[in-house]
Amino acid sequence: MTGSAPQRQARAVRLGPRSVAALVLVGAVGVAGFGWPFLAPPDASVNAHAQDAPWLFAGLLLLLVAVVAATISESGLGPKAVAMLGVLAATGAALRPIGAGTAGIEPMFFLMVLSGRVLGPGFGFVLGSVTMFASALLTGGVGPWMPFQMLSMGWFTMGAGLLPFPDRLRGRAELVLLAGYGFLAAFAYGTIMNMSGWPFMNKLASAIAFDPDASVATNLAHFLAYCLATSLGWDLGRAAVTVVLTLTLGAPVLKALRRATRRAAFEAPVTFEGPSEVSRPT
């Protein structure tokens, strides 16, 4: 029937209570892992073990990300969703080395935005984390920073799945929404990742280094100066590439993702016909 309302798109992962609780838990630990320089008072014991903190938080975050992935898989990540997860993660991991090390040119972010939009926040979080893990193995970027990257990319992709009107907004308006999100989220990703390494930089750079004896306001000023001095160019390049690719290639990629999701029919129930329903020969 023509003129009917758009059908709701299939979601690879439906977030149940356990999945939401796990995401909240890993998010809370992530906030603590990234933001402890601003959350811990100057005389806190964590400041005395600053050099141990990256490994401690890295191990804890890695375990919690694994728990989240397992919980989401229990709530509906079936074989078809796993297959799509593998394809998208492999594609994202292959895209990351393109331009890596050159002015923040990272085309994988554009794919993560579109995938999170089509497949929802639960799938998006898992996809972002798995993609970053696979790309780290591919590029040799394994270290104490990797779980922070996994968590940040999970948040980045999940945020795209939380954008409004996933079943109604289409066309140019949707592309503008996704491009705007990708632009802001690219800066947010860079800023969050700065927080994972900034507290452990050389203390000789007193104007931008973390000072455990200073106030929160002073350290915040140091952190902003650190971001401007070290990563602003990278974040701008990442944001610009995400916007350009979203506006130019977003429409066909969104169409392909939605077609693949419909064909996979992640949420289609499996039914069996009973003996009485089978047609008998006359």
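Is F156 buried or exposed? F156 counts as buried, because its relative accessibility is 4% (buried is under 20% relative accessible area, exposed over 50%, partly exposed in between, with a 1.4 Å probe and protein chains only). Keep in mind that this is a predicted model, where local features need pLDDT of at least 70, side-chain atom pairs count only at pLDDT 80 or more, and totals for chains, interfaces and linings use all residues. Residues are numbered from 1 along each chain as its sequence is written, and side-chain values use heavy atoms, with hydrogens and water left out.

View 1. A search of the whole structure turns up four aromatic pairs (Phe, Tyr or Trp rings, the six-membered one for Trp, with centres within 6.5 Å; planes under 30 degrees apart are stacked, over 60 edge-to-face, the rest tilted). F109 comes from helix α4 (residues 108-139) and F156 from helix α5 (residues 146-161), 47 residues apart (helices are DSSP runs of H or I, at least four residues, and strands runs of E, at least two, numbered from the N terminus). F109 is buried too, at 0% relative accessibility.

**View 2. F156 also pairs with Y181.** This one is tilted, at 6.0 Å centre to centre and 45° between the planes. Y181 lies in helix α6 (residues 172-197) and F156 in helix α5, so the pair ties together parts 25 residues apart in sequence.

**View 3. One aromatic cluster.** Its members are F109, F156, Y181 and Y189.
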